[in-house]
Amino acid sequence: MEKTWTIGLTLFLTLCLDIPGVGGRKEGTHGENAQKRSSRSSETKGGRCSYTFIVPQQKLTGALCLNTQSSYTNQSEVAALRAELKQQQEQMEKLQGKLEQEGSLAMEVRALQKESSSMNSRIAQLYAQLLHEVIHKKDHVLEQQRVETLLLNATTQALQVSSNYRELEKKYGVLTSMMSSQNQIIARLEKQCQSWDTTQAPLVTSEPPKSQPNVDRNYSSEAKEITNDVQRDQSALPPQQEKTVLSLNTTTANIPTDPSFISFPVTKTPGPWRDCQHVLESGETTSGIYLLRPQSANRLLQAWCEQSRDEGGWTVIQRRQDGSVNFFRTWEQYKQGFGNLDGEYWLGLEHLYWLTKQAKYKLRVAMEDWQGRQVYAEYDSFHLEPESDWYRLRLGQYQGNAGDSLSWHNNKAFTTLDRDKDSYTGNCAHYQKGGWWYHMCAHSNLNGVWYRGGHYRSRYQDGVYWAEFHGGSYSLKRVSMMIKPK
């Protein structure tokens with residue numbers, strides 16, 4: 001029993017005493033415990049013990065003594081704990097830094113994911129666009145194949161038409177040759193009739209009879225040198241027959257069945273002259289056909305001189321009035337000239353080149369519609385380049401009341417049905433049915449088809465038109481192109 005009380009007293013004292021070492025191990029746990037430790041340590045100073053005696057009911061024999069000396073704090077354990085705490089703090093700081101880095105990485109990953117999503121949508125859009133382009137390209141290829149097929153068919157038809165045209169040209173040459181031979185026979189018969197007609201006045205060598213249609217007797221010694229192909233029929237003769245037809249004895253054979261019998265003027269001097277202005281200055285004031293020889297040119301040509309209009313001196317280089325002459329001609333024919341000097345004719349590109357080379361000329365285009373209205377277009381300079389440059393047109397400034405429909409053709413080469421020198425993909429001469437300084441294609445077409453009545457219907461604008469005067473679907477009644485030195 002005594003042993004039991006002793007043990008209980010010992011335990012009670014142990015629990016009631018404040019041991020400073022225990023407080024050192026629990027350092028930093030809580031604020032209240034620290035205050036209790038500080039109060040207890042102030043009560044127990046200098047290692048003193050406090051004793052509580054429990055007096056049992058039974059009297060104890062002997063003294064009870066309990067060692068209450070406080071155990072000192074283990075400094076090594078505290079240092080180890082502090083080092084471990086510091087290490088853990090460092091690890092926590094490292095983990096916090098890594099966490100921050102991982103947060104920034106996560107933000108970058110989210111941004112990359114967003115950008116990747118936008119790129120995927122863009123790629124899908126480009127893919128759809130590419131697919132659309134591929135489909136459109138396939139359609140374009142099919143359309144191109146269809147156009148190529150049509151072009152091949154058109155080319156085949158054009159070749160066939162060209163072949164037919166060559167055949168017709170051959171037949172036309174044969175018919176022309178036959179007409180020429182017939183004209184020669186008629187000329188011989190007329191000559192015989194004239195020699196049999198003794199009642200007519202004798203021929204005078206210095207002056208031609210007034211019924212002579214083409215050549216003055218004064219020109220009989222030089223007539224065989226004339227190289228232009230201006231005739232009284234509508235057909236251009238082959239080159240082998242030029243000299244024969246243009247000689248004095250055969251020019252009378254070219255009179256049509258119902259000739260107009262335009263007489264040559266009686267001239268004071270035999271000529272030839274440089275141009276019609278030279279004729280006027282020589283005192284010849286009558287309009288008619290005169291023999292010309294341009295300076296620096298070893299050639300003679302005949303031309304109509306207009307002396308009664310706009311002070312005279314005009315050399316007529318082109319005239320349209322009744323549709324009696326076909327102007328859908330070849331390059332060689334436009335070069336040498338064709339038609340009837342007292343009717344419709346074209347003087348010739350080569351003659352125009354030599355005429356306009358000798359001085360500075362101006363051009364006047366006189367026009368008349370089917371209501372009798374007369375207008376004109378005048379250009380203060382006009383000349384042609386040589387054949388090596390395709391008789392390229394050079395024009396000056398416009399004035400007049402017809403409107404300017406020729407300046408658009410300035411600096412353009414001449415084009416015919418067999419020489420395509422225009423800017424159009426096709427040959428404008430085939431569409432316009434003439435020869436002209438075509439561009440793409442024409443604002444004027446004075447060598448086109450002469451239609452009666454003005455307004456005409458045709459697949460192409462191929463009439464004799466001046467676009468600024470009634471437009472391209474109106475064929476003019478009368479047109480004449482004239483040049484004169486400035």
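I first wrote down the terms: buried means under 20% relative accessible area, exposed means over 50%, and partly exposed lies in between (1.4 Å probe, protein chains only). The model is predicted, so I kept its limits in view: local features need pLDDT of at least 70, side-chain atom pairs count only at pLDDT 80 or more, and totals for chains, interfaces and linings use all residues. Residues are numbered from 1 along each chain as its sequence is written, and side-chain values use heavy atoms, without hydrogens and water.

I looked up Y127. Y127 counts as exposed because its relative accessibility is 57%. Y127 sits in helix α4, residues 75–196 (helices are DSSP runs of H or I, at least four residues; strands are runs of E, at least two; both are numbered from the N terminus).

Next I checked the whole chain. I found 10 helices and 12 strands. Of the 486 residues, 37% count as buried.

Then I turned to strand β1, residues 288–292, where 5 of 5 residues are buried. β1 and strand β2 (residues 301–306) run antiparallel and are joined by 5 bridges (strands pair if DSSP finds at least two bridges between them). L291 stands opposite Q302 in β2.

Which residues does F382 contact, beyond its neighbours within four places in sequence? I listed I317, L352, T356, Y361, K362, L363, L393, R394, L395 and I483 (contact means heavy atoms within 4.5 Å).
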